[in-house]
Amino acid sequence: MRVLLVEDDEMIGRSLREALSARGWSVDWVKDGLLAQSAWADGDYACVLLDLGLPKRDGVEVLRQARGRGDATPVVVLTARDGVDDRIYGLDVGADDYLLKPYEVRELVARMRAVIRRRDGSAHSLVGNAALQLDLTTREVLLAGERSQLSAREFALLHALLERPGAILSREQLENRIYGWGDEVSSNAVDVLIHGMRRKLGPDAIRNVRGLGWRVAMPTADARSAA
């Protein structure tokens with residue numbers, strides 16, 4: 001999944017981007033508050049990792065403006081500000097979680113998964129419906145109860161579709177969720193991913209809507225009532 005990292009410390013930013021990329025996240029990294037506002041407004045992110053002590057515009061103001069325009073992207077604040085009042089203020093402004101520096105990357109990733117699950121309306125690690133689910137912890141797909149591994153980009157694509165079952169997502173929307181800045185994206189990259197996933201999940205798992213994009217089916221009435 002695609003994440004926006006807002007961190008002005010060169011060493012912390014570089015090491016965190018490398019650690020998250022190694023775990024399958026697509027990371028866009030910016031180093032000041034103004035660039036953060038621009039990237040956040042233009043991007044489609046699963047999560048934002050936000051430092052508060054930023055040049056040009058403070059992280060709290062960046063967060064306040066995002067929430068003011070109705071943006072509900074999950075936010076984990078990463079900061080050295082360890083005062084209780086600072087933490088309370090950040091959460092009140094709209095942060096979903098707060099992690100003090102220094103931190104363990106494993107804990108950060110667990111918190112990222114947790115805020116994304118809450119955004120998806122789920123208290124557990126599974127999202128989807130009775131027929132097709134994603135396990136956000138193991139990054140596996142469950143089809144009729146059987147687990148299969150997905151690549152990082154397959155996972156990001158399927159997660160984007162399962163967030164809004166029945167909604168049609170365009171090629172551009174899916175590319176924005178899968179690829180980060182600087183990634184070379186071929187014209188048929190999404191088609192290739194979906195072709196491979198249909199081989200794993202069946203031809204009807206992801207449906208093409210000619211000229212518009214792709215979608216996954218809405219849960220049936222029986223599946224909804226049983227959930």
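Visitor: What should I know before we start?
Guide: It's a predicted model, where local features need pLDDT of at least 70, side-chain atom pairs count only at pLDDT 80 or more, and totals for chains, interfaces and linings use all residues. Residues are numbered from 1 along each chain as its sequence is written, and side-chain values use heavy atoms, with hydrogens and water left out.

Visitor: OK, how many salt bridges are in the whole structure?
Guide: A search turns up 14, a salt bridge being a side-chain nitrogen of Lys or Arg within 4 Å of a carboxyl oxygen of Asp or Glu.

Visitor: Which residue does glutamate 10 bridge to at 3.1 Å?
Guide: That's arginine 14, going by the closest N and O atoms. Both sit in helix 1 (residues 10-22), four residues apart, so about one helical turn separates them. Helices here are DSSP runs of H or I with at least four residues, strands are E runs of at least two, and both are numbered from the N terminus.

Visitor: And what does glutamate 10 do with lysine 31?
Guide: Those two form a salt bridge as well, with the closest N and O atoms 2.9 Å apart. This pair links distant parts of the chain, 21 residues apart: lysine 31 is in the loop between strand 2 (26-30) and helix 2 (33-42).

Visitor: How exposed is glutamate 10?
Guide: Partly, at 35% relative accessible area. Buried means under 20%, exposed over 50%, and partly exposed is in between, using a 1.4 Å probe and protein chains only.

Visitor: Switching over: what does aspartate 51 meet in a salt bridge?
Guide: Lysine 101, at 3.5 Å from N to O. Aspartate 51 lies in the loop between strand 3 (47-50) and helix 3 (59-68), and lysine 101 in the loop between strand 5 (97-100) and helix 5 (105-119), so the pair ties together parts 50 residues apart in sequence.

Visitor: Is aspartate 51 buried or exposed?
Guide: Buried, with a relative accessible area of 5%, while lysine 101 is partly exposed at 22%. Glu7 joins Asp51 and Lys101 in a network of salt bridges.

Visitor: Now strand 4. How many of its residues are buried?
Guide: Five of the five, so strand 4 (residues 75-79) is largely enclosed by the rest of the structure. Val75, Val77 and Thr79 point one way, Val76 and Leu78 the other.

Visitor: Which strands does it pair with?
Guide: Strand 3, in parallel, over three bridges, and strand 5, also parallel, over four. Pairing takes at least two DSSP bridges between the strands. Valine 76 partners leucine 49, and valine 77 stands opposite tyrosine 98.
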